[in-house]
Amino acid sequence: MFRIVSSPHTHSSNLTAHIMLWVIAMMLPALGVQLYYFGFGVLIQIMIAVVLAIIIEIGIAKLRKKTTAFYLADISGILTALILAMSIPPYAPYWIIVIGVISSLLLAKHSYGGLGQNLFNPAMVGYALLLVSFPVQMTSWLVPIDLLNEPPTFNDAISLIFSDVTSDGFSLHQLVNSVDGIAQATPLDSMKSSLAKFGFDRVMNTPIFDGLFATGWFQLNIAFLFGGLVLIYKRIIHWQIPASLLVAFFVLSGLTELFTEQAHLHFISHLFSGAMMFGAFFIATDPVSASITPKGKLIFGALVGILLYIIRYYGNYPDAIAFSVLLANICVPLIDHYTQPRIYGTKWDKR
């Protein structure tokens with residue numbers, strides 16, 4: 001007897017690749033913004049990550065005696081590499097992205113059996129492993145390059161990534177030393193570590209902030225928001241997860257703004273800082289590791305938003321997207337079990 005999955009049945013030989021290509025295409029506006037504000041480093045990280053991902057996918061196909069196209073055709077490995085490369089600091093040492101891609105694809109994807117079998121978001125497994133293991137390298141971000149006296153060229157970017165200094169012998173720390181950016185970190189890191197020490201006004205008056213928003217990071221989040229809305233319009237992703245995630249975070253952070261006197265980054269600023277929009281539209285919506293039922297998507301997104309709020313406001317990791325998504329991934333089987341839609345033509349069992 002053949003095992004037949006229940007109807008409805010649909011078929012498309014290129015459906016997965018089609019979805020992955022749309023997601024990659026909608027990440028390109030954010031990539032352009034990242035290149036404009038943070039230089040060529042991100043492009044080099046992407047090149048390293050994608051080449052390594054292709055090598056790993058080919059190697060796994062050979063080990064499992066599959067055709068090379070078996071793992072390359074769906075483009076999922078390339079998308080994972082791209083997400084990870086755009087998540088890490090653009091001028092992190094080359095071995096950071098190498099370890100991250102290997103961890104994402106081998107540990108979080110292929111050790112479970114490949115695409116569709118993984119329990120956790122592969123890119124976030126790699127990112128979390130890097131953040132816990134190499135916190136200094138993973139929090140060493142360059143301020144927007146238009147604030148630098150000597151912005152790094154493409155050759156400088158290659159030199160920084162592979163030898164930790166520019167072609168003129170300057171380290172990343174020396175490049176940003178003249179900029180009053182509080183720290184060589186993201187605005188969220190700076191706010192987390194500097195509010196108590198320097199006060200809200202001084203931190204917000206640094207060159208990286210323009211009003212409530214951090215230069216570069218605000219524009220990057222707008223680009224991810226635009227790409228995410230296009231994906232929803234094209235029905236590549238569903239609206240429930242990003243909407244419930246952002247609403248849950250907005251409500252909780254707004255209440256904190258109203259009822260506490262403790263210094264925090266403004267809750268509107270939080271929505272356009274760090275990887276908020278990237279996480280809401282491109283990471284939490286991973287079709288394999290996220291919830292698949294309509295109600296489950298709402299619960300899953302809200303859970304990510306709540307965890308994101310708790311970790312950002314009260315934890316030690318200012319961005320928290322990776323840990324929020326991974327913790328919510330653990331709950332997906334339980335969420336899907338209790339939110340299964342009623343089968344058409346049946347009644348609820350009230351027992």
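Which helices each supply at least two residues of the lining of the second largest cavity? In this predicted model, the answer is α2, α3 (68–72) and α4, each of which gives at least two residues to that lining. The lining is made up of A53, I54, E57, Y71, L72, D74, I75, S76, G77 and I78. By class, these residues comprise six nonpolar, two polar and two charged. The space in the second largest cavity amounts to about 30 Å³. A search of the whole structure returns two cavities of 30 Å³ or more.

The largest pocket was examined next. Its space comes to about 650 Å³, and 31 residues form its lining. Of these, I19, T285, D286, P287 and V288 lie nearest the centre of the pocket. The elements contributing two or more residues to the lining are α1 (15–38), α4 (76–87), α6 (122–133) and α15 (276–283). In terms of residue class, the lining of the largest pocket contains 19 nonpolar, eight polar and four charged residues.

Helix packing was then considered. Two packed helices are described by the angle between their axes and the distance between those axes. Helix α2 (residues 41–63) packs against helix α8 (residues 154–163) at an angle of about 55°, and the axes of the two helices are 9 Å apart. Because of this angle, α2 is oblique to α8. The crossing of α2 and α8 is right-handed. On the α2 side, the contact is made by G41, I44, Q45 and I48, while α8 contributes F154, A157, I158, I161 and F162. Seven of the residues in the contact of α2 with α8 are nonpolar and two are polar, with no charged residue present.

Helix α6 and helix α17 (residues 321–338) pack at an angle of about 125°, with 9 Å between their axes. The angle therefore makes α6 oblique to α17. The crossing of α6 and α17 is left-handed. In α6, the residues M124, V125, Y127, A128, L131 and V132 meet I321, A322, F323, V325 and L326 of α17. The contact of α6 with α17 consists of eleven nonpolar residues, with no polar and no charged ones.

Helix α17 is also packed against helix α16 (residues 294–314). The axes of α16 and α17 come within 9 Å and cross at roughly 145°, and the crossing is right-handed. From α16, the residues in this contact are G296, I299, F300, L303, V304, L307, L308 and I311. Their partners in α17 are I321, F323, S324, V325, L327, A328, N329, C331, V332 and I335. The contact of α16 with α17 divides into 15 nonpolar, three polar and no charged residues. Within α17, residues I321, F323 and V325 meet α6, and I321, F323 and V325 likewise meet α16.

Notes: Residues numbered from 1 in each chain as written. Predicted model: local features only at pLDDT ≥ 70, side-chain atom pairs only at ≥ 80, totals over all residues. Heavy atoms only, no water. Axes fitted to C-alpha atoms, helices over the stretch in contact; angles between N-to-C directions. Helix = DSSP H or I, 4+ residues; strand = E, 2+ residues; numbered from the N terminus. Parallel < 35°, antiparallel > 145°, perpendicular 65-115°, else oblique. Left-handed = near helix turned anticlockwise from the far one by under 90°. Contact = heavy atoms within 4.5 Å. Nonpolar A, V, L, I, M, F, W, Y, C, P; charged D, E, K, R; others polar. 1 Å grid on protein atoms, 1.4 Å probe; cavity = no way out; pocket = protein on both sides within 12 Å on 5 of 7 lines; lining within 4 Å. Points joined across faces, edges and corners; volume = space filled by probe spheres on them.
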